[in-house]
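Here is a friendly note for a colleague opening this structure for the first time. Please keep the view open beside the text and look up each point as you go.

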Amino acid sequence: MYVEFYKLTGRPFQLTPDPRFYFDSSTHRKAMAYLTYGLNQGEGFIIVTGEIGAGKTTLVGHLFDELDRDRYVASKVVTTQLNADDTLRMVASGFGLPTEGADKATLLQRIESFLRGQARSGKRALLIIDEAQNLPKGALEELRMLSNFQDSGRALLQSFLLGQPEFRDKWALDPDLEQLRQRVIATHHLSTMTAEETEHYIRHRMELVGWQGDPEFTPDAFQAIFEYTGGLPRKLNTLCSRILLYGALEELRKITGEVVLEVIADLERDNRAAAKAREEAQKTSEEVSALKAHLDDELSAKAASLNGSGHPLASLSEIERRLAVLEEYVRLHDQTIKQALEIAAKWLAQEGQEGEADGRES
C-alpha cells in the first residue's frame, strides 16, 4: 500500500536480508575489513557475531556479491541444533553433493573429492554457517576437521561462522575448542548504529527505492526512531515499515516525531497482545501435554491390571470415561491451533496489505 502511495519502486524496509540494501556503517565497514583480510588469507575460520537483526547475513551476502564467481564456489548452511553427522550432511548438500544413505566416512570422502576438484579448476571453496551458536561442540569439531583438507600446502576450504553474542563466548572460552581457536584468523562483533548513522541508514534505503523526499522525515522523527530501535537494523526495518504504512493510511506527506511515537505505541500494543497470546498458547500446550501424559498413564495402568486376567477390556463406564478424556484433549488441541492461527493472521496482516499493493504495481 505505501509503495504505491509514495510512488516507490519497492519496499525499502523488508525483513528478508538483501545485500542490495547493504549500508556501510562504521561497524559494518570494520567488519568488511576483517572479512576481506581473512578472505585474502585463504584459510581458517572467520567469525562474525552480533545481536539478532544486527545485519550479519546481509554483511556476508554483500561480501559474496563482490566475489568473482569464476574463482569462488560457496555453500551456506543455516543451523538448527544440528549434530555432527547432520552438519556434514548439510555441508555436502550445500555443495550439491548426494547425501541420501551415506555414512560419515562416505560424506567426508565426497566432500574432500569435491574440494580437490574445485581446487584443480582454480576455484576456492567457501562455507558459510549461519546461526553458529546452535552448533554443539561435536559439530564445530567436524567443521575444524574439514579445515584440515589441503592440497600442496593450501587449504581447500575456508569457513565463515555467523552467530549471536553467546557464540563469541562459546568459541573463545570453551577449553575443548582450543584447536578451533587456533584456526580463527579474523573475527568481529557487530555493534549497533549511532543516531547519525541511523538517519543515513533510513535515507539510504529509501533512496534505493526511488524516494524523492515524499514523505519528509523531520529531525525529531529520526531521533524518536533511533531512541526506540537503538540503531539495530532489523528493529529499524520493522518500525520504519509500520511508519510508512501508517503514513499512507493517513495520507501523510510529513513524518514527525509525534507520528513516530504514535506508531510506536501501536506497535507496542501489538507486541503485548502477541506476547500474551503466545503465553496463553504455551500454557494451553502444556495443559494438553499434561492431560495426554495422564491419559497415557491411565491406559497403561488399565492394560496392566487386565493383562492375563481374562476380564473384559473395560466396562461401558470405563469406555465413556476414556472418551470424555479424549474429547477434552481434542478440545484443548483445537483451541491451541485456533490461537496460533489468530496470532499468525495478525502478524501477516500488514505484509499481506503491502504484498497486494506490490502485486498491483507489477
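1. Let us begin with charge pairs. A search of the whole structure finds 15 salt bridges, a salt bridge being a side-chain nitrogen of Lys or Arg within 4 Å of a carboxyl oxygen of Asp or Glu. Please bear in mind that this is a predicted model, in which local features need pLDDT of at least 70 and side-chain atom pairs count only at pLDDT 80 or more, while totals for chains, interfaces and linings use all residues. Residues are numbered from 1 along each chain as its sequence is written, and side-chain values use heavy atoms, with hydrogens and water left out.

2. One of these pairs joins glutamate 142 and lysine 104, whose side chains meet with 2.6 Å from N to O. The pair links distant parts of the chain, since glutamate 142 sits in helix H6 (residues 137–146) and lysine 104 in helix H5 (residues 104–120), 38 residues apart. Helices here are DSSP runs of H or I with at least four residues, strands are runs of E with at least two, and both are numbered from the N terminus. Are the two partners buried or exposed? Glutamate 142 is buried at 9% relative accessibility, whereas lysine 104 is partly exposed at 36%. For these words, buried means under 20% relative accessible area, exposed means over 50%, and partly exposed lies in between (1.4 Å probe, protein chains only).

3. Aspartate 174 is buried, with a relative accessible area of 17%, and lysine 137 is partly exposed at 37%.

4. Glutamate 112 is partly exposed at 24%, and arginine 116 is partly exposed at 25%. Do look at Asp151 as well: Glu112, Arg116 and Asp151 are linked in a network of salt bridges.

5. Now please turn to strand E6 (residues 157–163). 7 of its 7 residues are buried, so the strand is largely enclosed by the rest of the structure. Leu157, Ser159, Leu161 and Gly163 point one way from E6, while Gln158, Phe160 and Leu162 point the other way. In a regular strand the side chains alternate between the two faces of the sheet.

6. Which strands pair with E6? Strand E1 (residues 45–50) runs parallel to E6 and is joined to it by 5 bridges. Strand E3 (residues 124–130) also pairs with E6 in the parallel sense, over 5 bridges. Two strands count as paired if DSSP finds at least two bridges between them. Leucine 161 in E6 is a handy place to look: isoleucine 47 stands opposite leucine 161, and leucine 161 is the bridge partner of isoleucine 129.

7. Some backbone angles deserve a check. Most residues other than glycine have a negative phi, and most peptide bonds are trans. Glutamate 131, in the loop between E3 and H6, has a positive phi near 55 degrees, and this residue is partly exposed at 26%. Glutamate 251 also has a positive phi, of about 55 degrees; its place is the loop between helix H11 (233–249) and strand E9 (254–255), where glutamate 251 is exposed at 58%. The peptide bond from aspartate 214 to proline 215 is cis, with omega near 10 degrees. Proline 215 lies in the loop between helix H9 (195–208) and strand E8 (216–217).

8. Finally, a contact across the sequence. Lysine 7 lies in the loop between helix H1 (2–5) and helix H2 (26–41) and is exposed, at 68% relative accessibility. How many residues separate lysine 7 from tryptophan 211 in sequence? They are 204 residues apart in sequence, yet 7.8 Å apart in space from C-alpha to C-alpha.
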